[in-house]
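Here are my notes on the model, point by point. Please read them with the coordinates open.

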Amino acid sequence: MSGDPTHTDSAIAVLIDSAARLRQQGRFAQAAQAYSAVVQAVPEVATTWYNLGFCQRMSGQFEAALTSYQNAIDRGLDASEEAHLNRAVIFSDALRRDADAERELRRALELNPNYLAAILNLANLSEDLGRRPEAIALYERALELDPKCSTALARYANLLPSGPSTSAVVSRLRHAMSDPAISGAHKAELGFSLGRVLDQRGEFDAAFQAYSDANAESRRALGARYDRAAAEALVAHIIEVFSERAPTPEPPRWAPVFICGMFRSGSTLAEQVLAGHGRISPGGEIGVVPALVQETVTPFPERAADLNSTALASLTEEYERRVRRLFPGVDLVTDKWLGNYLYVGLIKRMFPTAKIVHTVRHPLDNVLSVFFLHLDASLGYAVDLMDTAHQLRLSRRLMAHWRDLYPADVIEFDYDAFVAKPRETAQALTEALGLAWDEECLAIQRRTNAVKTASVWQVRQSLYSTSSGRWENYRRPLEEVRSYLADLLESAQSSLLDRL
């Protein structure tokens with residue numbers, strides 16, 4: 001830049017305008033570059049550092065974003081609790097550093113005790129860490145500040161113990177949902193919680209109606225419906241592209257344990273079983289494989305067929321780099337991104353020695369549990385029972401293909417078998433993974449790691465069997481699903497009897 005002050009100020013203004021425009025367009029990596037140039041020239045402006053941190057965070061530059069947000073705080077950012085909140089989200093969601101996330105959230109609340117977003121995030125983190133009383137108190141605090149906060153009310157209702165005492169919260173949920181000003185998304189959020197409370201109270205017809213209404217709201221918000229033909233075509237294409245086994249290298253390389261399958265199929269339970277083993281660190285939903293596919297293997301699966309050994313080695317190294325950044329120094333780590341069932345063929349080329357744990361449960365319980373859960377809008381099948389049944393059938397078809405290719409490396413973990421015979425099922429799993437038995441695998445309720453899924457509270461309890469056969473309470477609305485999945489139901493019953 002020229003040394004002329006007027007020219008310099010003008011050039012910086014142009015850079016700031018360009019950065020803001022790129023940010024608004026969602027081009028965060030380019031916006032971060034532009035903001036970086038601004039802070040190099042004018043480092044004292046706190047808001048520029050904040051905007052840089054935001055763009056770095058959105059483009060996956062997490063460590064750099066932490067530094068930028070701290071620079072914004074150090075330079076006197078107004079409402080700096082927002083920067084602390086953003087740092088907390090990075091620590092928790094991107095870097096798995098929950099203690100650091102908690103520190104940032106508590107600092108935000110020191111600066112602004114009524115900061116609702118920080119209260120909600122701290123409550124959610126307390127849930128992840130299994131601190132129920134603290135989470136309840138925080139949601140109550142959020143509702144004191146904003147009685148119409150649907151997220152706080154829904155999460156609060158989900159944490160209450162079942163029983164007659166929940167009558168008040170049922171009334172409160174229904175009253176909140178009747179507000180004509182409530183959005184469809186918030187109405188759905190409350191509806192799923194209402195369904196859960198009614199189910200726990202044994203009011204099954206009312207519960208199913210609540211869940212159906214909640215899914216209808218989600219479906220309206222979603223817009224586009226699940227495309228069964230497109231889903232079938234994708235699975236068929238994957239099977240065509242990955243029709244042969246990947247070569248086995250010598251010597252074996254490092255590889256994580258991949259856990260995949262349908263949502264609500266027992267994957268969190270399987271990971272928590274393995275988390276008790278002295279060699280295994282639970283990674284949770286890492287999501288590195290789909291990210292790499294999105295970045296370098298598109299269109300998928302066509303592009304995967306063209307990957308040479310150099311490209312595969314690069315993918316493998318990048319996966320390992322990203323995972324080891326999250327979990328430095330670990331021996332084995334579990335990657336529980338359930339959608340990885342689509343990528344097993346690629347995974348086995350990247351990590352030929354990798355073990356794949358496929359979690360399954362009774363098909364009707366699985367379909368019902370998905371329908372009863374407020375899942376991400378990208379899972380369009382989840383808002384319709386028959387679409388969910390269709391997706392389950394497709395996932396089983398693809399996993400059967402992977403099992404045919406890799407019979408020793410694709411290991412089935414049956415939720416219902418584990419509930420019936422936990423020791424035998426857990427020992428079979430560790431043996432299939434080539435691990436010595438560790439008695440701690442059965443002490444699931446003693447886990448202290450964060451669980452960032454809807455199963456957070458189930459897996460922190462002593463083993464229970466109430467989720468097996470839950471579909472019996474909903475026989476009538478499941479008639480069409482039962483007919484469609486008749487062959488899988490027969491196979492599931494036969495397989496379970498063999499295991500028991």
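**Notes on the predicted model**

1. R264 is buried, with a relative accessible area of 18%. That value is under the 20% cut-off for burial. The model is a predicted one. The phi of R264 is positive, about 65°, although R264 is not a glycine. R264 sits in the loop between β1 and α14 (267-275).

2. R96 also deserves a check. Its phi is near 60°, a positive value in a residue other than glycine. R96 belongs to the loop between α5 (81-94) and α6 (98-111). R96 is partly exposed, at a relative accessible area of 22%. Most residues other than glycine have a negative phi, and most peptide bonds are trans.

3. Now the peptide bonds. T298 and P299 are joined by a cis peptide bond, with omega about 0°. Another cis peptide bond joins F300 and P301, and there omega is about 10°. P299 lies in the loop between α15 (288-296) and α16 (309-326). P301 lies in the loop between α15 and α16 too.

4. F300 returns in the largest nonpolar core. This core has 134 residues, and F300, Y319, L346, W402 and V481 touch the most other members. Helix α19 (residues 385-405) contributes the most to this core, with 9 residues. A separate core holds 20 residues, among them L269, V357, F418 and L435. In soluble globular proteins, nonpolar side chains tend to be buried together.

5. What is Y319 in contact with, leaving aside its neighbours within four places in sequence? The partners are W254, P256, F258, V288, V289, L292, D335, M350 and F351.

6. Is α19 enclosed or open? Of its 21 residues, 16 are buried, so α19 is largely enclosed by the rest of the structure. Its length checks out. At 1.5 Å a residue, the 21 residues should span 30 Å, and the end C-alpha atoms are 31 Å apart, which agrees. D384 caps the N-terminal end of α19, with a side-chain oxygen 2.9 Å from the backbone nitrogen of M386.

7. Strand β4 (residues 355-360) is mostly covered, with 6 of its 6 residues buried. K355, V357 and T359 point one way from β4, while I356, H358 and V360 point the other way. All of these are buried.

8. β4 has two pairings to inspect. Strand β1 (residues 257-261) runs parallel to β4, joined by 5 bridges. There V257 stands opposite K355. Strand β5 (residues 410-414) pairs with β4 in the parallel sense, over 5 bridges. The bridge partner of H358 in β5 is E412.

Definitions and conventions. Residues numbered from 1 in each chain as written. Predicted model: local features only at pLDDT ≥ 70, side-chain atom pairs only at ≥ 80, totals over all residues. Heavy atoms only, no water. Core = buried A, V, L, I, M, F, W, Y, C linked by side-chain atoms within 4.5 Å. Buried < 20%, exposed > 50% of the residue type's maximum accessible area, 1.4 Å probe, protein only. Helix = DSSP H or I, 4+ residues; strand = E, 2+ residues; numbered from the N terminus. Contact = heavy atoms within 4.5 Å. Pairing = 2+ DSSP bridges. Expected span 1.5 Å × (residues − 1). Polar contact = N/O pair within 3.5 Å; in protein donor to acceptor, adjacent residues only side chain to side chain.
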